Amino acid sequence: MSESDRLFSQANHPMRDFVFNEDVVKVFPDMIKRSVPGYPTIVENLGVLANQFTQPNTALYDLGCSLGATSQALRRHVRQDGCRVIAVDNSPAMVERCQQYLSQQDSLFQELLPVQVIEADITQLAFSPTSVVALNFTLQFIQPDQRLSLLKRIRQALVPGGALLLSEKLHFADENDQALLTELHVAFKRANGYSELEIAQKRNALERVMVPDTLEEHRERLLSAGFSRVTVWFQCLNFASLIAQP
Ligand code: GEK
């Protein structure tokens with residue numbers, strides 16, 4: 001069972017830069033739900049969207065899978081012959097727990113797509129032919145200068161009819177928009193029970209690790225990577241999810 005997230009509740013929290021370690025794994029489902037507006041809706045609908053784009057006999061990737069919530073949604077919704085889900089994360093603690101959760105899903109449901117969980121850095125991954133790639137709040141943790149080459153490799157691996165499903169926290173070029181949506185996001189976290197101290201300490205820990213782009217930057221980079229169509233299908237406050245088609 002997931003514990004409730006009190007990770008940053010004590011003053012002078014020792015985590016200077018945020019890391020996806022065992023302490024984070026223990027509280028992760030609670031943390032992400034209380035921090036990312038729209039997360040449950042996005043995850044469930046990634047499965048629904050994926051089923052529209054999945055092509056037979058291809059791999060479906062969940063990159064930066066954490067505990068496999070997106071992989072589970074893909075497996076709940078995608079019905080196609082010869083497909084498999086490949087879930088990848090570079091945090092050993094995440095991968096270990098993810099494997100346990102996906103085995104539990106296997107014991108509860110029949111006829112799910114097979115799934116493989118891999119501990120790897122997604123910037124170094126060799127992709128198999130794929131029809132759906134989910135980057136659900138992961139690209140923002142990749143070094144900015146490595147983002148384009150990752151997207152190019154994903155684009156090259158995508159078969160016709162497939163799609164990249166990309167969810168990210170957004171930055172806004174207009175400083176008034178940025179200030180308003182940041183304040184509304186703080187209000188969302190407050191409403192979910194986080195204190196001012198927890199909010200401030202987590203913001204400091206994430207500052208150097210998570211670097212959000214603007215919607216325009218995403219659009220331009222995706223087009224540079226060779227995608228031909230970019231569509232926003234969901235936005236809640238400063239969090240959005242896009243479909244990028246080859
Ligand atoms: C979900 N998608 O629940 N290679 C592999 N994994 C990485 C890398 C990398 N280079 N960098 C970061 N990660 C999930 C949520 S969380 C988002 C994704 C968040 C992994 C990192 O270990 C973490 O598990 C995940 O990307 C980001 O639908 O916590 O806000």
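Predicted model: local features only at pLDDT ≥ 70, side-chain atom pairs only at ≥ 80, totals over all residues.
1. Cys65 is buried, with a relative accessible area of 5%. For Cys65, the closest cysteine sulfur is in Cys98, at 4.1 Å. A disulfide requires sulfur atoms within 2.5 Å, so Cys65 and Cys98 are too far apart for a bond.

2. How many disulfides are there by this rule? The count comes to 0. Another cysteine to look at is Cys236. Cys236 is partly exposed, with a relative accessible area of 25%. Cys65, by contrast, is buried. The cut-off matters here: buried means under 20%, so the 25% of Cys236 puts this residue in the partly exposed class.

3. Next, helix H3. This helix covers residues 69–77. Which of its residues are buried? They are Thr70, Ser71, Gln72, Ala73, Leu74 and Arg75.

4. What do the buried residues of H3 pack against? Two helices are involved: H2 (39–53) and H4 (92–108). Four strands are involved as well: E1 (59–63), E2 (84–89), E3 (115–119) and E4 (130–136). Please view H3 together with these partners.

5. His185 deserves a separate look. His185 is found in helix H6, which runs over residues 175–191. Is His185 buried or exposed? It is buried, with a relative accessible area of 5%.

6. The contacts of His185 come from separate parts of the numbering. Neighbours within four places in sequence are left aside here. His185 is then in contact with Ser35 and Pro37, with Lys169, and with Leu237, Asn238 and Phe239.

7. Now the whole chain. The protein chain has 8 helices and 7 strands. Its C-alpha trace spans about 50 × 45 × 30 Å along the principal axes. Why call the chain compact? With 246 residues, a compact globule would have a radius of gyration near 18 Å, and the chain has 18 Å, which agrees.

8. Burial and contacts complete the fold. Of the 246 residues, 50% count as buried. Take the contacts between residues at least 6 apart in sequence: 79% of them join residues at least 24 apart.

9. Last, the surface and the charges. The accessible surface comes to about 11,700 Å². Carbon and sulfur atoms account for 49% of this surface. The chain has 23 positive and 28 negative charges. Their mean positions are 2 Å apart.

How values were computed: Residues numbered from 1 in each chain as written. Heavy atoms only, no water. Rg over C-alpha atoms; globule rule 2.2 N^0.38 Å. Buried < 20%, exposed > 50% of the residue type's maximum accessible area, 1.4 Å probe, protein only. Contact = heavy atoms within 4.5 Å. Areas by Shrake-Rupley, 256 points an atom, 1.4 Å probe, with all protein chains shown as cover. Lys, Arg positive; Asp, Glu negative; His and termini not counted. Charge placed at Lys NZ, Arg CZ, Asp CG, Glu CD.
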